[in-house]
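Hi,

Here is the structure I promised to hand over. Please look through it first; my notes follow below.

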Amino acid sequence: MSTQVHTPLYEVFVRSKRGLDHKHVGSLHAEGPEQALEYARDCYTRRSEGVSIWVVKSGDITCSQEEDAASFYDPMEDKPYRHATHYVLPDSIKNM
Amino acid sequence: MNDTESKIGEYTLQFSIDLGDDSLMLGQRLTEWCRNAPMLEEDLAISNVALDFLGRANMYYEYAVELAKTTDGDFRNQSVDDIAYLRDSRAYRNLLIFEMPIGDFAYTMTRQLIVDLFNVEYFALLSGSCDLDLAAIAAKTLKESKYHLRRSHEWTLRLGDGTEESHLRMQNAVDELWGYTPELFEMTEAELGLLPAGISVDRAQLFDTWDARISQILSEATLDHPPGDWQVTGGRAGIHTEHHGHLLSELQYLQRAYPGLNW
């Protein structure tokens, strides 16, 4: 009698050579974090897409839900004072 | 060009062909996993490994074409494609382990472990070759080989110390392939001739390190180290196994059916 063993799904994030942040590029199945990292290297950096890889078990990611969108995000729309729009940032700290 | 220089040139040409043939055969074998691998991610991964070997073969043959311009030998006026696709079985000089079939996944990974452990040592030394072209190819190869070894090492542990079935398949693979490993450490006339010039590497000296490392991995993977009471040789003399002809029939089909075809 065999039991179905579930191979976990991992989300893959890659940072490009000129990038500052890791971008979500896709997902893959692997038996563990080390193998997930290697498969991410094999599947998602074949064309020199990046110099840094993060893999995270999809099950470890907590996501906001569609039905919460109204209470989560609508209240921000009428609070312009939260944006520092009147400040002029010098070029050297433009990426803050 | 004086006698010694031309001898070095001949030997270097033969050496490049040998290394190219090794790479081409294993690269071709690994492509047999493309669309056939146990899962999608592995299909991509192992195809990448195949491409690394094919790319290497291309570099060696390109260098051979350069070298052949100044010799009177077999490869004069041949293109990379001629060298890769149009020789008869006895004219290829790859070591036998590279032409063995892919077998099951355990067999493929066992052969990779054997080869990757060797390559990591060998190309580290060849990176210091006095022939700058060979040194450059070796340096690139070393980086690829380190990654290949990571994979084959992990698969050996996963399958060896795995289920009853995977363990059995791994042990069978180790036992079947072991007799093909001594050939890795044999030196050809060309390689011996190139040693004083600092161009080639002494393969025999790598055996102890290779054996120690593979023994450790096999033991970790709960696999037995075979007694080593049989061995096969002949690749460098063009005497191949019964598998070579079948491999060539696929490798050469396109160029022989459509001569001169290119992209």
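**Chain A: fold and extent**

Along the sequence, chain A runs β-β-α-β-α. That comes to two helices and three strands. Both kinds of element are DSSP runs numbered from the N terminus: helices are H or I with at least four residues, strands E with at least two.

This is a predicted model, in which local features need pLDDT of at least 70 and side-chain atom pairs count only at pLDDT 80 or more, while totals for chains, interfaces and linings use all residues. Residues are numbered from 1 along each chain as its sequence is written, and chains are lettered from A and ligands numbered from 1 in the order in which they are written.

Chain A has a radius of gyration of 20 Å, well over the 12 Å that the globule rule gives for 96 residues, so chain A is more spread out than a compact globule. The radius is taken over C-alpha atoms, and the rule is 2.2 Å times the number of residues to the power 0.38. Along the principal axes, the C-alpha atoms of chain A fill a box of roughly 65 × 35 × 15 Å.

**Confidence**

The model scores ipTM 0.88 and pTM 0.92. Chain B averages a pLDDT of 96, and 100% of its residues score at least 70. pLDDT is the predictor's confidence in each residue, from 0 to 100.

**Where A meets B**

Eight residues of chain A and seven residues of chain B make the contact. Contact means C-beta atoms, placed from the backbone, within 7 Å. On the chain A side, strand S2 (23–29) and helix H1 (33–44) are the elements that give two or more residues. H1(A) gives the most, with four residues. By class, that side has four nonpolar, one polar and three charged residues. Here Ala, Val, Leu, Ile, Met, Phe, Trp, Tyr, Cys and Pro count as nonpolar, Asp, Glu, Lys and Arg as charged, and the others, Gly among them, as polar.

**Helix packing in chain B**

H1(B) (residues 3–31) and H2(B) (residues 40–68) pack at about 155 degrees, with axes 7 Å apart. Axes are lines fitted to C-alpha atoms, for helices over the stretch in contact; angles run from 0 to 180 degrees between N-to-C directions. The pair is therefore roughly antiparallel. Cut-offs: under 35 degrees is roughly parallel, over 145 roughly antiparallel, 65 to 115 roughly perpendicular, the rest oblique. Their contact has 18 nonpolar, seven polar and one charged residues.

H4(B) (residues 105–126) and H8(B) (residues 207–220) pack at about 140 degrees, with axes 10 Å apart. These two are therefore oblique to each other.

Best wishes

Technical notes: Two residues are in contact if their C-beta atoms, placed from the backbone, lie within 7 Å.
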